[in-house]
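Please keep the sequence and the model at hand while going through them.

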Amino acid sequence: AVIMDIQKLEQRQVALLSQLQSLKCKVQDLATHHGVKIDNVDTVANVVIVSSPTALPLSTVILQKLLAKHGHHCTFSTHVHSSFSGSIPENVCKWLKQYNTGVYTSREGLIISIMITNDDVPMLKVDGIKHVAISGDGNIARYLCRSFLPSLYDESDPVTTTEIDSLIDSIEVGFVNGSNREQSAILRNCNAKIGKSQWFNGDKVSLADIVLFSAIKLTGTAGSLPSNVQRWFKSCASHDGFSELSSIL
């Protein structure tokens with residue numbers, strides 16, 4: 001009975017955080033529409049992502065490091081939900097303990113929490129009232145970039161944005177859960193796109209690099225990469241934020 005009560009409280013907490021964030025966004029939108037300025041007394045934003053330990057939102061792990069580097073007050077924490085049933089790989093367990101910092105009470109910045117559950121696909125609940133959720137590592141990363149780090153996903157450049165969207169969609173559909181043949185086809189396309197460039201879209205890192213790198217790490221396909229992708233992958237591995245994944249996978 002006690003365990004059931006704790007589970008209900010945890011579920012209620014996650015739902016309330018999502019609802020509060022949703023209400024805050026709606027109030028800000030209404031204020032902007034009517035020309036009303038609202039002083040930000042509480043500028044904290046809570047993002048809760050649920051996932052299994054074998055399908056972690058790796059792109060978010062990289063993004064939280066890059067957010068801090070770009071001057072954002074970002075706190076990252078991990079928790080294991082009481083309803084989780086299963087084993088956690090040793091390396092993932094050590095990584096989770098590193099960020100299991102308890103309750104965060106600051107009233108500014110961004111709080112990203114990863115909740116380990118039995119969900120096979122990472123999921124972020126955006127609108128707690130309508131129960132709208134974003135599913136998949138790449139889609140979650142796209143939402144976070146649009147909201148908090150738009151420099152990695154420049155919507156003012158429709159060509160680049162379309163290329164990033166196309167890559168994310170192909171990774172979500174055909175790479176993470178695809179066959180070897182589908183994975184090889186996507187990697188060949190990426191190999192041609194990268195060419196001699198340092199990054200997927202030229203001379204600076206973008207959301208495309210983050211999502212592709214995370215997918216390769218998650219699927220364990222780093223040992224069979226085409227030449228250009230292999231060179232790019234090694235370059236990414238030593239870059240700020242990307243190196244964080246070496247402690248997980």
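1. F148 is located in helix α4. The model under review is a predicted one, and every value below should be read with that in mind. Setting aside residues up to four places away in sequence, F148 touches A45, V47, L67, H72 and L110. L110 is 38 residues from F148 along the chain, and the C-alpha atoms of the two are separated by 8.8 Å. F148 also belongs to the set of α4 residues that take part in the contact with α2, a matter taken up in point 3.

2. A second residue of helix α4, which spans residues 137-148, is R142. Is R142 buried or exposed? Its relative accessible area is 11%. Buried means under 20%, and R142 is therefore classed as buried. Once neighbours within four places in sequence are left aside, the residues in contact with R142 are Y153, D165, I168, D169 and L207. There is also a pair to note across the sequence: R142 and T60 are 82 residues apart along the chain, while their C-alpha atoms are separated by 9.6 Å.

3. The packing of α2 against α4 deserves a separate point. The axes of these two helices lie 8 Å apart, at an angle of about 20°. Angles under 35 degrees count as roughly parallel, and α2 and α4 are therefore described as roughly parallel to each other. On the α2 side the contact is made by L58, S59, T60, L63 and L67, and on the α4 side by D137, I140, A141, L144, C145 and F148. Sorted by class, this contact of α2 with α4 holds eight nonpolar, two polar and one charged residues.

4. Helix α2, residues 58-69, also packs with helix α7, residues 207-219. What is the angle between α2 and α7? It is about 135°, and the axes are 8 Å apart. This angle makes α2 oblique to α7. The crossing in which α2 passes α7 is right-handed. From α2, the residues L58, S59, I62, L63 and L66 meet I210, V211, F213, S214, K217 and L218 of α7. By class, the contact of α2 with α7 comprises eight nonpolar, two polar and one charged residues.

5. The contact brings together D209, L212, F213, I216 and K217 of α7 with V229, W232, F233, C236 and A237 of α8. By class it has eight nonpolar, no polar and two charged residues.

6. K196 is placed in the loop between α6 (180-194) and α7. Its relative accessible area is 77%. Exposed means over 50%, and K196 is therefore classed as exposed. Apart from neighbours within four places in sequence, K196 is in contact with N228 and R231. K196 and W232 are 36 residues apart in sequence and 9.0 Å apart in space, taken from C-alpha to C-alpha.

7. V92 lies in helix α3, residues 90-99. V92 is buried, because its relative accessible area is 2%. Which residues does V92 touch, not counting those up to four places away in sequence? They are P53, L56 and I248. I248 is 156 residues from V92 along the chain, yet the C-alpha atoms of the pair are separated by 5.2 Å.

8. The final point concerns the chain as a whole. It has eight helices and five strands, and from the N terminus on the elements run α-β-α-β-α-β-β-β-α-α-α-α-α. Of its 249 residues, 43% count as buried. Among contacts with a separation of 6 or more, 73% are between residues 24 or more positions apart. The accessible surface comes to about 13100 Å², and carbon and sulfur atoms account for 53% of it.

Notes. Residues numbered from 1 in each chain as written. Predicted model: local features only at pLDDT ≥ 70, side-chain atom pairs only at ≥ 80, totals over all residues. Heavy atoms only, no water. Axes fitted to C-alpha atoms, helices over the stretch in contact; angles between N-to-C directions. Helix = DSSP H or I, 4+ residues; strand = E, 2+ residues; numbered from the N terminus. Parallel < 35°, antiparallel > 145°, perpendicular 65-115°, else oblique. Left-handed = near helix turned anticlockwise from the far one by under 90°. Contact = heavy atoms within 4.5 Å. Nonpolar A, V, L, I, M, F, W, Y, C, P; charged D, E, K, R; others polar. Buried < 20%, exposed > 50% of the residue type's maximum accessible area, 1.4 Å probe, protein only. Areas by Shrake-Rupley, 256 points an atom, 1.4 Å probe, with all protein chains shown as cover.
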